[in-house]
Amino acid sequence: MGKEQQNSSNKNIVFLQYVYNAMIHHCMEQKPFEACGLLSGTNNVACTHWPMTNVLRSPNEFQMDNNQIEFIFKRMKEKGEQLVGIYHSHPTTVPYPSPNDIIHANYPEAVYVIVSLSSHIKPEVACFHIQRGLVTTMKYSLQ
Ligand SMILES: [Zn+2]
């Protein structure tokens, strides 16, 4: 048997426009540090933006606080939503997962969203699945 290239969870992500805007705003606001956050919704549509604290306050890595994650997961459940995406920013580098990002990707069913602020023209957003060390680029759309 070959490697599974695709599975049914590999659906493209859809951002509601205001969620997309809020995510980018949060990333710009946290510059020069990496920003991070969660996106929740249903059926791979990101309806809610949850800005999180980067406890490392670093320009090239991020880590979320476990208590904050637990708290936000409870609130998602109350809203009847599931985790759809996990985002963070790359203040000075391209929108592609770093070796560290790949090692720490613990949610194979979530879409990893990277907002690169390295271009002075406009932020670049890219989406990935990271499953057992394998990075797959995902398409996304705005709604
Ligand atoms: Zn990264």
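Helices, taken as H or I runs of at least four residues, and strands, taken as E runs of at least two, are DSSP assignments numbered from the N terminus. On this basis the chain, examined here as a predicted model, contains three helices and eight strands. Their order from the N terminus is β-α-β-β-α-β-α-β-β-β-β.

The overall dimensions were considered next. The C-alpha trace extends over about 45 × 35 × 30 Å along its principal axes. Buried residues make up 44% of the 143 residues in the chain. Among contacts with a separation of 6 or more, 64% are between residues 24 or more positions apart. The accessible surface amounts to about 8300 Å², and carbon and sulfur atoms contribute 54% of this area.

Helix α2 comprises the 13 residues 66-78. At 1.5 Å a residue its span should be 18 Å, and the separation of 19 Å between its end C-alpha atoms agrees with this. The buried residues in α2 are Q68, I69, I72 and M76. Viewed down the helix axis, the buried residues of α2 fall within an arc of 100°, and therefore line one face of the helix. This set of residues packs against three strands, namely β2 (36-42), β3 (45-52) and β4 (82-90). On the other side of α2, the exposed residues are N66, N67, K74, K77 and E78.

Both ends of α2 show local features. The N-terminal end is capped by D65, of which a side-chain oxygen lies 3.2 Å from the backbone nitrogen of N67. Just after the helix, G80 adopts a positive phi of about 75°.

Strand β3, one of the strands against which the buried residues of α2 pack, includes H49. The side chain of H49 forms a polar contact of 2.8 Å with the side chain of Y87. Leaving aside residues up to four places away in sequence, H49 is in contact with V19, A22, M23, H26, L38, L39 and Y87. Given the boundaries of the elements, V19, A22, M23 and H26 fall within α1 (17-30), while L38 and L39 belong to β2 and Y87 belongs to β4.

Backbone geometry was also examined. Most residues other than glycine have a negative phi, and most peptide bonds are trans. The peptide bond that joins K31 and P32 is cis, with omega about 10°. P32 is placed in the loop between α1 (17-30) and β2.

For R57 phi is about 40°, and the residue is located in the loop between β3 and α2. R57 likewise counts as exposed, at 58% relative accessibility.

Conventions:
Residues are numbered from 1 along each chain as its sequence is written. This is a predicted model: local features need pLDDT of at least 70, side-chain atom pairs count only at pLDDT 80 or more; totals for chains, interfaces and linings use all residues. Side-chain values use heavy atoms; hydrogens and water are left out. The expected span of a helix is 1.5 Å times one less than its number of residues. Buried means under 20% relative accessible area, exposed over 50%, partly exposed in between (1.4 Å probe, protein chains only). The arc is that of the directions from the helix axis to the C-beta atoms. Contact means heavy atoms within 4.5 Å. A polar contact is a pair of N or O atoms within 3.5 Å; within protein, one must be able to donate a hydrogen and the other to accept it, and residues adjacent in sequence count only if both atoms are side-chain atoms. Accessible areas come from the Shrake-Rupley method with a 1.4 Å probe; for residues, only the protein chains shown count as cover.
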